[in-house]
Amino acid sequence: MLMFRRLLIASAAFALVSGVAHAQDLKTAEALRDKALRDYLAWDITEDLTTNIGPRLVGSPAMAKAKDWGVAKLKALGFTNIKVEEFAKSSWSRGEESAELVAPYAMKLGAVGLGRTVSTPAGGIEAEVALFKTFADMMAAPEGALKGKIVVITQPMVRTQNGAGYGAAGISRRIGPVEAAKRGAVAMLIRSISTSDSTVPHTGGTASGEGVVTIPAAAIGVPEAEQLERLAARKVPMRVKLKLESSVNPNNVAWNISGDIRGSEKPDEVIVIGGHLDSWDVGTGALDDATGIAITTAAAKLIGDLPKRPKRTIRVVMWGSEESGGSSEAYLAAHKDELNKMVLAGESDSGADRIYSLQVPAGSLEHPVVKAAASVLAPLKIYVDRAPAAGAGADVGGIERAGVPVINLNQDASRYFDYHHTMDDTLDKVRPAELAQNVAAWTSLVYLVADSDVDFRALKPAAPAAK
């Protein structure tokens, strides 16, 4: 009986201490949230990267400058264990580009070559147009049916809050040139994968590399694509001339740069967050993804400035080759022996408009840390989505597939695809108040997990309710 009473007293004492600790964490998270809403560090980082470095295409001199910028920024902000992890990466460079409608009348087309497209012959390609309103329509054409034609696909992208329309429309860009080549086409134009009505074209990666049979491909602005579609509806024969120049360096490198806010009690347990440092060459990559770098760096810095740092380490990674791929696999390879110590991962890579929902690892909805996060995030108008987190970002994809739990802080992407991958992806598109809301969400959530003992791997999804 005496032993039982002692156990009861010990349990009550533990509960009291835990409750006090939980209340203190909640109070600290709320204070961090409110401080982040008034903080300008994320804006300053975004402005500095886009202004002083500019476009950051893998393999370019600017990307090497961006690597040095990232190291200097992390050092200046007090991060430790700063690493520059180099990995082999072929690079692609854009050359001279032009496109024009030559029949039934002359009209210049403001085309931009798709990322990693192959070149046309030196004098360009002129051919008759075969226009399809959807990718599926082109796929229905048998092999050889498009011999000698320039294919034009005018499939539009649907505007959605979660960006789901991107995947559906983006297939034209990702594998359209390969599929058109199978059917005999000599070149391809696509309507920009865009939710805007702008004439400014959107670039973005297309299938390429050893063993990939493809054709020169470019994107044109939305009004131009619609003009060609109207001509096709009138059964007017069209001819287009396309000239694309590009080059590939197979022996280049890229870098993942990282820095830590070291944990106070369990520094070997790590939360991995970040964004990608590279961008396409046509704009300054403000929304894609200077803001992702800025949001996560500023969040970690705010936590690092606390009088007492949280238990666990927070690592910010500036991934070095998201747009043309490779940084996810490189990070996994470099950290494969540390995966069991990575307690959570997440990436910010959908611009900087407000976060509207949080998704957490399966089985964790009822955990006190998640309950606390829901409370702290509610004033930011963020709700907890009951669907488990998945597909947390291209750069964390490798470690996610290897078993590292992830979170999704879902941003409103309603206007993101108006600008991304274009020369219009510039600082003026960033809304400071919404950028700050992002920082507030990341800061408070990451702090709560970092100062806890939650093991997301050990939590199991709840059994479905009996009918």
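**Exercise 1. Charges and the basis of the model**

Task: Find how many positive and negative side chains the protein has, and how far apart the centres of the two sets lie.

Solution: The protein carries 52 positive and 54 negative side chains, and the centres of these two sets lie 4 Å apart. In this count Lys and Arg are positive and Asp and Glu are negative, while His and the chain ends are not counted; the place of a charge is taken as NZ of Lys, CZ of Arg, CG of Asp or CD of Glu. Before going on, note that this is a predicted model, in which local features need pLDDT of at least 70 and side-chain atom pairs count only at pLDDT 80 or more, whereas totals for chains, interfaces and linings use all residues. Residues are numbered from 1 along each chain as its sequence is written, and side-chain values use heavy atoms, with hydrogens and water left out.

**Exercise 2. The overall form**

Task: Compare the radius of gyration of the protein with the value for a compact globule, and then describe the fold as a whole.

Solution: Begin with the rule, which is 2.2 Å times the number of residues to the power 0.38, with the radius taken over C-alpha atoms. For 467 residues a compact globule would have a radius of gyration near 23 Å, and the protein has 25 Å, which agrees. Next, the C-alpha atoms fill a box of roughly 95 × 55 × 40 Å along the principal axes. The protein has 12 helices and 16 strands, where helices (H or I, at least four residues) and strands (E, at least two) are DSSP runs numbered from the N terminus. Finally, consider contacts, meaning heavy atoms within 4.5 Å: of those with a separation of 6 or more, 84% are between residues 24 or more positions apart.

**Exercise 3. Surface and core**

Task: State what share of the residues is buried, and which residues touch the most other members of the largest nonpolar core.

Solution: A residue is buried under 20% relative accessible area, exposed over 50%, and partly exposed in between (1.4 Å probe, protein chains only). By this rule 55% of the 467 residues count as buried. The protein exposes about 19600 Å², of which carbon and sulfur atoms supply 56%; the areas come from the Shrake-Rupley method with a 1.4 Å probe, and for residues only the protein chains shown count as cover. A nonpolar core is a set of buried Ala, Val, Leu, Ile, Met, Phe, Trp, Tyr and Cys residues joined through side-chain atoms within 4.5 Å. The largest has 92 residues, and M138, V151, M188, L277 and W442 touch the most other members. A second, separate core of 20 residues includes V129, A218, I220 and M238.

**Exercise 4. Backbone details**

Task: Locate the cis peptide bonds that join A103 to P104 and D288 to D289, and the positive phi values of N81 and K381.

Solution: The bond from A103 to P104 is cis, with omega near 15°, and P104 is in the loop between β2 (91-103) and β3 (107-109). The bond joining D288 and D289 is also cis, with omega about 10°, and D289 lies in helix α7. Turning to phi, N81 has a positive value of about 50° although N81 is not a glycine; N81 is found in strand β1 (residues 80-88) and is partly exposed at 39%. K381, another residue other than glycine, has a positive phi near 60°; K381 is in the loop between α9 (368-377) and β15 (383-384) and counts as exposed at 68% relative accessibility.
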